[in-house]
Amino acid sequence: MTTTEVLDIMYHTFLLAARLTMPFLLTSMVVGVVIAIFQAATQINEQTLTFVPKFISILVVMGFLGSSILDMLQDFFRQMLGIIAGG
């Protein structure tokens with residue numbers, strides 16, 4: 001395996017990682033900002049208030065995108081097996 005092939009695999013791995021995590025990170029960030037605005041408006045300074053809404057929103061995203069995430073991971077695994085089997 002050449003250095004170019006290894007770098008190409010690493011590039012695709014990082015792209016896949018970004019594609020898999022971005023919906024969760026964006027959802028968590030948006031919910032966190034909304035909760036922070038609510039806390040600032042109502043002057044509620046409870047640190048644990050953001051945990052439950054973020055957790056529920058991440059579970060909802062997982063429910064909607066779980067099958068497509070699994071498909072992406074399976075396709076990537078098949079590509080890696082093809083590269084390994086191909087030599």
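Here is a quick tour of a predicted model of one protein chain, going from its overall shape to a few single residues.

**The big picture**

The protein chain holds two helices and zero strands. Its C-alpha trace spans about 60 × 25 × 15 Å along the principal axes. The radius of gyration is 19 Å, whereas a compact globule of 87 residues would come out near 12 Å. As for burial, 17% of the 87 residues of the chain count as buried. If you take the contacts between residues at least 6 apart in sequence, 66% of them join residues at least 24 apart.

Helix α2 covers residues 51-86. With its 36 residues, a straight helix would reach 52 Å at 1.5 Å a residue, but the end C-alpha atoms of α2 are only 46 Å apart.

**Where the helices meet**

Which residues of α2 are buried? They are S57, V61, I69, F76 and M80, and these buried residues pack against α1. The largest nonpolar core has eight residues: I9, L16, L20, F24, V61, I69, F76 and M80. Two elements, α1 (3-42) and α2, each give two or more residues to this core. So what does I9, one of the core residues, touch beyond the residues up to four places away in sequence? The answer is M1, M80 and I83, and M80 is itself on the list of core residues.

T13 lies in helix α1 too. From T13 to F64 there are 51 residues in sequence, and the two sit 23 Å apart in space, C-alpha to C-alpha.

**An aromatic pair**

Search the whole structure and you'll find one aromatic pair. The ring centres of F51 and F55 are 5.9 Å apart and the planes are at 15°, so the pair counts as stacked; the cut-off for stacking is planes under 30 degrees apart. Both residues belong to helix α2, four residues apart, which is about one turn of the helix. In an α-helix there are 3.6 residues a turn, so residues three or four places apart point the same way.

| Residue | Relative accessible area | Class |
|---|---|---|
| F51 | 55% | exposed |
| F55 | 45% | partly exposed |
| T13 | 31% | partly exposed |
| Q39 | 15% | buried |
| Q43 | 66% | exposed |

At 15%, Q39 falls under the 20% cut-off, so it is classed as buried. Q39 has its place in helix α1. Apart from neighbours within four places in sequence, Q39 is in contact with I44, E46, L49 and T50.

**A residue in the loop**

Q43 lies in the loop between α1 and α2. What is the phi of Q43? The angle is positive, about 60°, although Q43 is not a glycine. For background, most residues other than glycine have a negative phi. Q43 is also exposed, at 66% relative accessibility.

Definitions and conventions. Residues numbered from 1 in each chain as written. Predicted model: local features only at pLDDT ≥ 70, side-chain atom pairs only at ≥ 80, totals over all residues. Heavy atoms only, no water. Phe/Tyr/Trp six-rings, centres within 6.5 Å; stacked < 30°, edge-to-face > 60°. Buried < 20%, exposed > 50% of the residue type's maximum accessible area, 1.4 Å probe, protein only. Core = buried A, V, L, I, M, F, W, Y, C linked by side-chain atoms within 4.5 Å. Contact = heavy atoms within 4.5 Å. Expected span 1.5 Å × (residues − 1). Rg over C-alpha atoms; globule rule 2.2 N^0.38 Å.
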